[in-house]
Amino acid sequence: MSRTVLIQPVTRIEGHAKISIQLDDAGQVESARFHVTEFRGFEKLCEGRPFQEMPGLMSRVCGICPVSHVLASSKAGDMLLGVEIPPAAEQQRRLMNYAQILQSHALSFFHLSSPDLLLGMDAPPGQRNIFGLLQHDADFLRRGIRLRQFGQRVIELVGGKKIHPGWSGPGGVQRRFTSAQRDEILGWIPEAAESVSLALERGKRVLDSFRPEIEFLGNFPSLFLGTVNELGGLEYYDGLIRIVDGRGNSIAENLDPKRYATFLGEASEDFSFVKFPYYQPFGYPQGHYRVGPLARLNVAAFAGTPRADCELREFKQRGAGAVCESFHYHLARLIEMLHCVERIEELMAHRDLFEETIQAHASLNRRECVGSCEAPRGTLFHHYWVDPDGLMTRANLLIATAQNNRAMNLAVDQAARRFLKPSSASGEFEEGMLNRLEAAIRCYDPCLSCSTHALGHMPVVVEVFAANGDLVRRIARPPDSQNA
Amino acid sequence: MRTVLIACGNCLRGDDGAAHRVLHLLGPQSGAELRSVQQLLPELAGEIAGAELVVFLDAAIDCDGLSVEAVREPEAPPALTHISRPSEIVVLSRALFGFKGLAFQCRIPVGNLSTGEGLSPSAEGFAGEAARILLDLLGHPAG
């Protein structure tokens, strides 16, 4: 009799989801899906509010990457005003984005994925968390915590608070950057650079020992989409969209993110609250694409900072034109952390950052706008429509995690087919097998609206269904071992 | 003596903001570093490292009376969930950052965690009582 396995909640991700696995009559995996089981509705609840409120409101989409939503929303607001913001404001926004990507990647790599990487996929679930790391390698953990603290501190210094900073809005930013802030940030740089370098070297060694996971946790060709600068280099704040295929061939160049709706479509599936975006010329599902660290490194010709450039050249050797293994998202994240530390240090010497003018003033000049930037997990689009009074009539958010939705489903399906084999003795699935399915998801570091966690309940469940549709097993971790 | 008071909670969820209210009542006169957070995060372990006294304040829906007690550190390493507890922050801080101070936990009884700002009269009363106790603890007896 066939059956279905359900993993719920999926742990060590930001948000609520479950994995369901359909078994055939022989007990073999027939298919596996990643379901996002929460609904937020920000696109609806913003209607009727003034567009000036959007950066503050939209930042509430997420407690991990609020800066990204503030930036995309602010840029959308800039477009409504029809202004070019002052250089100081642009540099502050860039600084905040680097800090945001650094702290978010540190959270993903050190706090959420390192337990698997350092302790092993089959380690006891109770140890696969940062307290397990504490026993295993305290210095590694300390550096990870400090690295995230650095990113958060930059956000707090510039934006006024670590989470949901409201310092940026249509036309610019609200506070000048000071030399005291620069000095404090510079004080962190040597330690941050050393910690990222050590983690990168360690990461490369450790990741290479996970050959089966590299091979089967989401290894498939796809399109990759990301923002690049005018020279084709890595760009997070403002640039043009580039799309390459799984061999690194250019599919589209110099796409204007403001015109995203002309080249990206949004499909939906009945098993998830998250959209399934695709590249329109290829249709759905053939046009599915990946975004985020792996995609950015695949589309960028260079990083633009010395040490990250060395690492990027080495990274690109791992693929034939493009690196397609989802497990290498981890390595891409480490390289991006190095790049962010280098960029933050560079920015501290940028004279524009200290200029007095930080705000461009104008009244409403447009009725429709798109703001885009690279968030930690990939390209983010905010699309707004307003009435003549500047009140929101409609919004469309295209969030990075959604753009990886089909890829995450493919990764779970591939991982289930490879790793999920019932024990010959008990007929049950070993915990390490199920953990590999979650690890396939964690490669993408999905952010399923991390600001709303049910009290005391962690996010992922695994369900196993029989061929006749009967639920035969449901695996949900008890509260005291949820983060296992 | 370096003292850190950490208030945890969400001011937009009614009484869940009770700990923040206590910090507001204490103000700079307490002589302590006052930190308002929505949740406890591992980074706090580094931030409290050099303190001699740390007090974690939070709303508690499962207690009848105000309590201030020492943070009990678990004998075995705890599993980390999305909701960190003071004991976990203290364990991390002692192990990773050399925290040697005392750690207390102040639990403020509350009843209304629905959406909206402001405390219920009961929570407001407990917040005031907590502020008085903490001032006493810090060597600034009220009134």
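This note goes through a predicted model, starting with chain A as a whole and ending with single residues.

1. Overall form of chain A. Chain A holds 14 helices and 18 strands. Its radius of gyration is 22 Å, close to the 23 Å that the globule rule gives for 484 residues, so chain A is as compact as a globular protein of that length. The C-alpha trace of chain A spans about 70 × 50 × 45 Å along its principal axes.

2. Buried residues make up 56% of the 484 in chain A.

3. A sheet in chain A. Four strands of chain A form an open sheet with mixed pairing, in the order β9-β8-β7-β12. Its edge strands are β9 (250-255) and β12 (289-290), each of which pairs on one side only. Strand β7 (residues 223-228) of chain A is joined to β12(A) by two bridges in the parallel sense. Across this pairing, A:Leu223 stands opposite A:Tyr289.

4. A helix pair in chain A. Helix α13 (residues 405-419) and helix α14 (residues 431-442) of chain A pack with their axes 8 Å apart, at an angle of about 160°. An angle over 145 degrees counts as roughly antiparallel, and α13(A) and α14(A) are therefore roughly antiparallel to each other. Their crossing is right-handed. The residues that meet include A:Met408, A:Ala411 and A:Phe419 from α13(A), and A:Met433, A:Leu437 and A:Ile441 from α14(A).

5. The sheet in chain B. Chain B has an open sheet of five strands, also with mixed pairing, and the order is β2-β1-β3-β5-β4. At the edges are β2 (33-37) and β4 (67-70) of chain B, each pairing on one side only. From one strand to the next the twist averages 20°. Within this sheet, β1 (residues 3-8) and β3 (residues 53-60) of chain B pair in the parallel sense over six bridges; B:Ala7 has B:Leu57 in β3(B) as its bridge partner.

6. The helix on that sheet. Helix α1 (residues 18-26) of chain B packs on the sheet and touches β1, β2, β3 and β5 (102-109) of chain B. The direction of α1(B) makes about 140° with that of β1(B). Seven of the nine residues of α1(B) are buried, so the helix is mostly covered. Among the buried ones are B:Ala18, B:Val22, B:Leu23 and B:Leu26. The buried residues of α1(B) pack against α4 (121-137) of chain B as well as β1, β2, β3 and β5. After α1(B) comes B:Gly27, with a positive phi near 60°.

7. Backbone points to check in chain A. Most residues other than glycine have a negative phi, and most peptide bonds are trans. The peptide bond from A:Tyr284 to A:Pro285 is cis, with omega near 10°; A:Pro285 lies in the loop between β11 (276-279) and β12 of chain A. A:His164 has a positive phi, near 55°, and sits in the loop between α6 (138-159) and β5 (168-169) of chain A. A:Asn254 also has a positive phi near 55°, but is found in strand β9 of chain A.

8. Surroundings of those two residues. Is A:His164 buried or exposed? With 21 other C-beta atoms within 10 Å, A:His164 is buried, since the cut-off is 20 or more. A:Asn254 has 11 C-beta neighbours inside 10 Å and therefore counts as exposed.

Definitions and conventions: Residues numbered from 1 in each chain as written. Chains lettered and ligands numbered in written order. Predicted model: local features only at pLDDT ≥ 70, side-chain atom pairs only at ≥ 80, totals over all residues. Pairing = 2+ DSSP bridges. Axes fitted to C-alpha atoms, helices over the stretch in contact; angles between N-to-C directions. Contact = placed C-beta atoms within 7 Å. Rg over C-alpha atoms; globule rule 2.2 N^0.38 Å. Buried ≥ 20, exposed ≤ 12 C-beta atoms within 10 Å, placed from the backbone. Parallel < 35°, antiparallel > 145°, perpendicular 65-115°, else oblique. Left-handed = near helix turned anticlockwise from the far one by under 90°.
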